[in-house]
Amino acid sequence: MLYENASDVILDDIFLELTGFVPGVELALKMEGLNPAGSIKLKTAVGLVEAAENSGALVPGGHVIESSSGNLGIALSSVCAARGYAFTCVVDPNTSQQSKALMRALGAEVVLVGERDACGGYLQSRIDYIAARLREHPSLVWPNQYANQANPQAHHDTTAPSIIKQFPTVDHLFVGAGTTGTLMGVARYFRQYSPRTRIVAVDTAGSITFGFPPGPRRIPGLGTSRRPEIFRPGQADETVLVPESDAIRMCRRLAAERGLLLGGSTGAVLSGVQRLRADIPSGSRVVAISPDNGDRYLQTVYSDEWVLGHYSPAALETAG
């Protein structure tokens, strides 16, 4: 298939059967890291940019600014470069060096905000920085992935239908929750077209999105220190909180046993599957969404030195 633009290369139909991961259960992993931007966030980025274009806010030669812990920043860097827009990404100390380097290689300006917010994270601090930049430069365009309905709409229109197309019957669907764009969009589609599917939201311990107390988080992708405006309680049938150490162990297990180098969010999502495996009836079809690959986590999740510097030695053991 021939494409005209890198942002058009969205591979939405690739699934990997994880045979034997949960005995007696058919588990498929939706592989979202195989497009040019390397994550599910390419769909979000395209949706956000096109919404800004369609509204007239973003015009030729425009300048986009957004907050991201990594993947959306890379995706927006790619989309903006292809469409002729300048892009500034506001990141924090949890953003990997590789992710920042990728953004810069795609022409983005990368701004690091290191002041923690009231909940101990960086999200509100990043947003406050954007607000200050907007006051100074009103022509900047902030898509605001946390409040923009174009975020969940992108996954309602692409991610969810692609799952149903591949698997007309899905008993359990596991979705990680970061901005909750994927979760909200997919849940809305499944409520309409597959209401029998049990939707499980997977969040990381220390995230406040689902009303749990804040705590330290070091792996970007899942969790927030500020509830996103697009989040709607009750869209998931169940929520599972996964400690980051469990996500790390799962990532390392997948690498050692399956030859899969996947990101921290995928480790958390599959840890969530494992935590609920006793509640999943034999013969069920389960789908879990893998947001990205693991190459951006080589200096963190897959680094013994980094893991031992932040977690107990048990985090180096492969999850069983």
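Colleague: I'd like to start with how the chain folds back on itself. What share of the contacts between residues at least 6 apart in sequence join residues at least 24 apart?

Modeller: In the protein chain, 70% of those contacts join residues at least 24 apart. Bear in mind that this is a predicted model.

Colleague: Okay. How do I read the radius of gyration here?

Modeller: You set it beside the value for a compact globule with the same number of residues. With 320 residues, such a globule would come out near 20 Å, and the protein chain has 19 Å, so the two agree. For the outline, the C-alpha trace spans about 55 × 45 × 40 Å along its principal axes.

Colleague: And what is the chain built from, in helices and strands?

Modeller: Ten helices and nine strands. UniProt, in an unreviewed entry, places the feature "domain: Tryptophan synthase beta chain-like PALP" at residues 23-292. That span is 40% helix and 16% strand, and its end C-alpha atoms lie 25 Å apart.

Colleague: Now the surface. How much of the chain is buried, and how much of the accessible surface belongs to carbon and sulfur atoms?

Modeller: Buried means under 20% relative accessible area. By that cut-off, 58% of the 320 residues are buried. The accessible surface comes to about 12900 Å², with 51% of it belonging to carbon and sulfur atoms.

Colleague: What about charge: how many positive and negative side chains are there?

Modeller: There are 28 positive and 31 negative ones, and the centres of the two sets lie 3 Å apart.

Colleague: Let's pick a helix. Is H5 mostly covered or mostly open?

Modeller: A bit of background first. An α-helix has 3.6 residues a turn, so residues three or four places apart point the same way. As for H5, residues 150-157, six of its eight residues are buried, so put it down as mostly covered. The buried ones are Ala-150, Asn-151, Pro-152, Ala-154, His-155 and His-156.

Colleague: What covers those buried residues of H5?

Modeller: The cover includes helix H1 (41-55), helix H6 (159-166) and helix H7 (181-193).

Colleague: Where is Thr-300, and what does it contact beyond its sequence neighbours?

Modeller: Look in the loop between strand E9 (285-290) and helix H10 (304-310). Thr-300 is buried because its relative accessible area is 17%. Leaving aside neighbours within four places in sequence, Thr-300 is in contact with Trp-306 and Val-307.

Colleague: How far is Ser-245 from Leu-270?

Modeller: They are 25 residues apart along the chain, and their C-alpha atoms are separated by 13 Å.

How values were computed: Residues are numbered from 1 along each chain as its sequence is written. This is a predicted model: local features need pLDDT of at least 70, side-chain atom pairs count only at pLDDT 80 or more; totals for chains, interfaces and linings use all residues. Side-chain values use heavy atoms; hydrogens and water are left out. Buried means under 20% relative accessible area, exposed over 50%, partly exposed in between (1.4 Å probe, protein chains only). Helices (H or I, at least four residues) and strands (E, at least two) are DSSP runs, numbered from the N terminus. Contact means heavy atoms within 4.5 Å. UniProt positions are given in the numbering used here, feature names are shortened, and annotations may be inferred rather than shown by experiment. The radius of gyration is taken over C-alpha atoms; the globule rule is 2.2 Å times the number of residues to the power 0.38. Accessible areas come from the Shrake-Rupley method with a 1.4 Å probe; for residues, only the protein chains shown count as cover. Lys and Arg count as positive and Asp and Glu as negative; His and the chain ends are not counted. The place of a charge is taken as NZ of Lys, CZ of Arg, CG of Asp or CD of Glu.
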